[in-house]
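Look at the structure first, then read on.

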Amino acid sequence: MKNLKLIVLPVCLFALSACNRAEMEYGKWSVFYDAGSRELTLKKASETVCNDLYASFIMEGKVITTKDYSEVRFEVNDIRDKLGEGKVLRMTCRQSGLPALTRSFYAYEGKDYILTDFTIEGGTGQVSSNYMAPVNINDFALLRASASNRALFIPFDNDCWIRYRSHRLDFDELTSYEVTAVFDNGSRRGLVAGSVEHDNWKTAVRMTSNRPGELKSLVCYGGVADTLTRDSKPHGALSGKTIKSPRILLGVFDDWRNGLDEYGLVNAAIAPPKAWDKAVPFGWNSWGVLQFKLTFPKAMEVSDFFRDSLQNNGFITADNTLYIGLDSGWNRFTEEELKAFVRKCKENGQVAGIYWTPFTDWGKNPDAAIHDANAYQYKDAYAYANGKPQELDGAYAIDPTHPAVEERMKKTSDLFRRCGFEYVKMDFMTHGAMEADKWYRSEIQTGIQAYNYGMQLLNTYFGDMYINLSISPVFPAHYAQSRRIACDAWNKIKDTEYTMNAVSYGWWLDKIYRFNDADHIVLRGATEGENRARVTSSVITGIYIAGDDFSRGGDPEGKQRSQNFLTNTVINKMATGVTFRPLEGNGERSEHQFVRIEEKGVYYVCFNYGESAVDIPVPLNRMGLDPAQEYTAEELWRNEPVDLKKPLTIPAKDVAVVYVVSERY
C-alpha cells in the first residue's frame, strides 16, 4: 500500500473533551491513538503487535509519560533518507507544567519495521534527562504463550567472557543491550526491537514475563548504566533546549534471524561500516602461544614459516597475502627492529600488523607522566567516577576527550606509519565508554559521546589502516572494519563453544562491521577433532587468524597441526567473511547447527561440544530444503559422501561440515 491513510475524528488537535481517536496507516504499518486512554496500538498488516504503547522520560527524578499529555496534534510529512522514502507521523504533545514533547513514527514502503523516537523541549529554558524511553509496551499481543517462545540477551560488549543467551520466557526480568529478539523458535516468527542510533545513549531493552511462555512488558530506553555496561555510576544526562531519545526499531518478521539481519542493515545504512575493498584477512597474531615471550627474532621466524609452509599451501587470502600481527609486547622492539619486521613481511608477501590500547593506563600510577604526552600526568586524564579512577581488566580508564589522548594517538600512529604497519588491533576500548563525573571537553555529557569523540580521533590518526577492535562495545560500529565477536578463545572445545555462543546470536554483526573475528586459532595441546572444530569456528565466523608459536623453537605439534588443518583449501574456501547463521534459537549456551546459503547449495555445520559421539539427523526442512527430494552432499573435512536420509555421526569434541548441492539456490 503506497498511499497514506489518515483518519482523524473529529479534528487533528486532540483534547480529551474534543476527540476520541486517530488512526495513521502507511505501508504495512498503522498506529491507532485513543485519546480517552491516551494509548497507542501498533499494527502490522492489520495484526495487532501491541497495545498500550507509550513513551516516557525522567526529569528531576520524576517519571513522565505521553499519557500525562492531554493535547495531541498529528502531522504527517514525506521523508527521504538513508533508509528510503516514506512518511513520518508526528505527535506534538502539550501539557501545562511539562516540556513540549514531539513523538515520531517513521514508516517505509514495504519494510517489516517501523522506527520511533521523541524529543522534549524546554521552551525558554533547558531540559535535562538521563532516561528516555521511546517504547513502553504493557500489552504484547504478537505471540501467543508457548514453551517455544524465546527472548535474546545481547551483551553491551565482549569483555569478561560474557555470554549471549536465548532465554525461555520464564524470567521475572531480563535486560538486553541495544537490541533483542522475542520469537517463537518453532515458527521462527517474532519481534526485533533495538536502537539504531549510537551517538549519545547506551540503550537497553528491559523485558518482564509474568507467566511461562508469555511476555508481559517490553521497554526500549536510552540511559542504561550498570555492571554489564562496566559502569559504577548512572548514565550521564543530556541537557539542552531540546534533547532527543535514541531512535528505536520495532520490526515483526516471519524469521527472527532475518529480523536481526535487517536490524543490522538499518544500522549500517545510518552509520555505514568502515570502508574495505580487499579480501577477508587471513594471518597470525602473537597473542596466542607466544604472548609476552614475543621477541624480534621469533617474529621474523614466524613470517618465514608462513611463507615456506602455509601461504604456499592454501592458507592465504583471495588477494594472495597474509596479515602477520605483533600483539602486546611489541614495545620491547626498537624502531629499527619494527621496520625490519615490516620489510620481512613485505618480502614474504605479507602485511604487518600491530597492537595498541588507546584508553587505558596499565601502570595505574596517577603521578607518572603519560607516555608520549609528558606534559600531563595520568591522574590528569583519568575518567573518574564518584571521584575515583575507574578500574576494569586491571587498567585505569582514560578520558578519550583529554588532549593527552590525541597527542598519544598522533605519536603512536606516526610511529606505526613510519615503520610501515597497515593493520592495527585496538584493545580494551570499553574503557573509553564508561560514564564519568565529567570529561575534559565540557560539551560531552555521556560515556557514549566520549567514546564517539575518541573513536573519531582514532580514525583521524589511524583511519588509513585496517582497524580490528578486540575488547569493545558492540556499538558504535562504524569506526573499524572488524571486531572480536566474543572474548578470548584458546584451543579446546570449550573455546569453540564459547565462540559459537556469540555467533549463535550475534552473527548479524557482520552487517555493521565488514567482518566478525573469532580470535586467534591455537592448535597445539588439543585433539585433532578440537582442531577441526576450532578452525571451523573461525572460518564460519569471519577473519581467519592463527596463534601458535611458529618460530624455530616453537612447539613442533603446533607447526604440524597448522600444516594439516590450515591448508584444507575446501574448508578455506568457506572463509569469505560472511558469518554463518544459527539453524535454531533454543540454546541457552550455544547453538550447535549453523548454515549459510550459497548460490547452488547450502553449507551445514554441526558441532559436537560433548564428550561422546552423537548421531544428528540433518534437518533439511529447517534449512529450507525438501526432505522428499534427493540431494548430493559431502562432508568436507573428511572428503566423504553423506547420505542425508541417515543420521550424521559426529565424534566427541569435533565438527561435521556438509555441503548440500541444491539448484534451488
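In helix H1 (residues 256-270), the buried residues are Trp 256, Arg 257, Gly 259, Leu 260, Asp 261, Tyr 263, Gly 264, Val 266, Asn 267 and Ala 268. Buried means under 20% relative accessible area, exposed over 50%, and partly exposed in between (1.4 Å probe, protein chains only). Helices are DSSP runs of H or I with at least four residues, numbered from the N terminus. The 15 residues of H1 should span 21 Å at 1.5 Å a residue, and the end C-alpha atoms are 21 Å apart, which agrees. The expected span is 1.5 Å times one less than the number of residues.

This is a predicted model: local features need pLDDT of at least 70, side-chain atom pairs count only at pLDDT 80 or more, and totals for chains, interfaces and linings use all residues. Residues are numbered from 1 along each chain as its sequence is written, and side-chain values use heavy atoms, with hydrogens and water left out.

| H7 | 493-506 | Ile 493, Thr 496, Thr 499, Met 500 |
| H8 | 528-539 | Glu 530, Ala 533, Arg 534, Ser 537 |

Contact means heavy atoms within 4.5 Å. The axes of H7 and H8, lines fitted to C-alpha atoms over the stretch in contact, with angles from 0 to 180 degrees between N-to-C directions, come within 9 Å and cross at roughly 20°. H7 and H8 are therefore roughly parallel (angles under 35 degrees).

Arg 307 lies in helix H2 (residues 296-310). Arg 307 is partly exposed, at 34% relative accessible area. Arg 307 touches Asn 312, Asn 348 and Gln 350, not counting residues up to four places away in sequence.

Definitions and conventions: Helices (H or I, at least four residues) and strands (E, at least two) are DSSP runs, numbered from the N terminus. Angles under 35 degrees count as roughly parallel, over 145 as roughly antiparallel, 65 to 115 as roughly perpendicular and the rest as oblique.
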